[in-house]
Amino acid sequence: MTAQKNNETLTASTAEAPAKKSAAKGNDAKLKTRKLRTAVGAVVFVGLTAGLIAGVSTGTLSGFGWDTFSLLCPLGALGTMIATKTMLPRAVVSLLLIAALVLIFGRAFCSWLCPTMLIDRIRDFFRSPKKRRELAEKKNSEIKAISKQEIELLKGAKEGHACGACGKCQPKPHGKVDSRHAVLGGALLSTAIFGFPVFCLVCPVGLTFATVLLVWRAFSAGDATIGLILIPALLIVELVVLRKWCSNFCPLSALMNLVSRFSRTFVPVINDEKCLETAKATSCSKCAEVCEADINIRHPEFGLRTMADCTRCRNCVDVCPTKAITMPVFVGKKAGKTVVEIPDPVMDDELRPGLE
């Protein structure tokens with residue numbers, strides 16, 4: 001009897017492995033916008049780096065522009081005014097313009113322009129297929145458990161439990177502030193104490209451009225300094241050793257989060273009439289699996305982050321098997337909410353690979 005159970009378990013595991021591999025490959029194939037974002041980020045980075053090496057006054061992503069027509073990093077602009085205890089016109093204008101951009105596009109800078117996104121792509125490229133599969137399977141199992149729980153709640157809603165469909169009666173693991181906001185507070189406090197923007201010394205964006213410039217000088221002019229070792233080492237510590245820098249530590253991300261929570265434009269919206277979980281009660285949650293900001297769009301109350309952290313990467317739009325997710329220009333508070341007939345739940349995991 002025991003041997004029979006072991007054989008059945010082994011057979012199930014053997015059958016499930018190819019399905020998981022197929023699902024992971026299918027998700028990667030559908031992320032068309034991801035390649036575009038990587039290309040856009042690379043072009044901008046190479047262009048600014050070329051200008052930096054050539055001595056053209058275009059600046060970097062920490063402060064870019066031309067002569068008086070330029071923008072400062074919002075954190076750098078805020079830090080400069082705190083350090084000097086002065087309202088600087090250029091800093092104020094930069095803050096207002098960037099706040100307006102964040103209101104429109106959310107944290108799009110993080111997924112379309114930030115150099116750390118490119119470094120993350122490079123790191124993913126050099127990961128072994130086994131490691132990629134392990135990470136994908138771990139995230140898949142966590143999110144699918146939430147999906148199945150929601151289907152049970154949908155069944156409860158059909159039987160008369162009114163709050164079951166929304167899931168808001170469940171505890172929320174995330175709050176309005178997190179570790180990034182603590183780092184942001186520390187960065188601003190240290191600036192006030194020491195009289196200069198301390199965080200700018202360790203900002204990954206600035207360190208990335210500094211690393212490229214140091215390497216160029218070392219090879220072109222033989223100007224090798226201790227910074228050629230220290231700066232890349234610090235960058236590696238931040239982006240490799242401190243896992244998930246963008247989600248857990250980045251103060252610039254925290255600053256944009258405070259503004260983007262008021263954004264109502266280009267926000268992903270789910271059409272419940274098309275979504276597999278609400279229309280057919282079939283476990284899916286592909287949108288949550290591919291979200292780089294750790295947002296569970298289908299069940300935001302269970303995600304690590306809220307929609308205020310949406311980077312407009314469009315991964316969820318690309319990967320949705322029924323095209324139920326769109327990003328309209330403007331989203332009202334009740335956008336995307338539809339009343340649907342809830343069918344009997346289908347808990348068959350065999351359906352998932354077939355959605356590819």
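**Close-up views of a predicted model**

At 43% relative accessibility, Ser141 counts as partly exposed, a class that lies between buried (under 20% relative accessible area) and exposed (over 50%), with a 1.4 Å probe and protein chains only. The model is predicted: local features need pLDDT of at least 70, side-chain atom pairs count only at pLDDT 80 or more, and totals for chains, interfaces and linings use all residues. Residues are numbered from 1 along each chain as its sequence is written, and side-chain values use heavy atoms, with hydrogens and water left out.

**View 1. Ser141 in helix α7.** Ser141 belongs to helix α7, residues 129-158. Helices (H or I, at least four residues) and strands (E, at least two) are DSSP runs numbered from the N terminus. Between Ser141 and Glu289 the C-alpha to C-alpha distance is 9.6 Å, while the two are 148 residues apart in sequence.

**View 2. Helices α9 and α10.** Helix α9 (residues 204-220) packs against helix α10 (residues 227-241) at an angle of about 145°, and their axes are 9 Å apart. Axes are lines fitted to C-alpha atoms, for helices over the stretch in contact, and angles run from 0 to 180 degrees between N-to-C directions. Residues of α9 that meet α10 include Leu207, Leu214 and Val215, and those of α10 include Leu228, Ile231 and Leu235; contact means heavy atoms within 4.5 Å. By class, this contact of α9 with α10 has 12 nonpolar, three polar and one charged residues. Ala, Val, Leu, Ile, Met, Phe, Trp, Tyr, Cys and Pro count as nonpolar, Asp, Glu, Lys and Arg as charged, and the others, Gly among them, as polar.

**View 3. The largest cavity.** The largest cavity holds about 120 Å³ of space. Of its 14 lining residues, Cys275, Cys284, Ser285, Cys287 and Cys320 are the closest to the centre. A cavity is a set of points on a 1 Å grid over the protein atoms alone where a 1.4 Å probe fits but cannot get out, and lining residues have an atom within 4 Å of a point. Grid points are joined across faces, edges and corners, and a volume is the space filled by probe spheres set on the points. Helices α13 (276-279) and α14 (286-290) each supply at least two lining residues. The lining comprises nine nonpolar, two polar and three charged residues.

**View 4. The second largest cavity.** About 80 Å³ of space lies in this cavity. Its lining includes Cys291, Cys310, Cys313 and Cys316, along with Arg312 and Arg314.

Methods: On a 1 Å grid over the protein atoms alone, a cavity is a set of points where a 1.4 Å probe fits but cannot get out, and a pocket is an open set with protein on both sides within 12 Å along at least five of seven lines; lining residues have an atom within 4 Å of a point.
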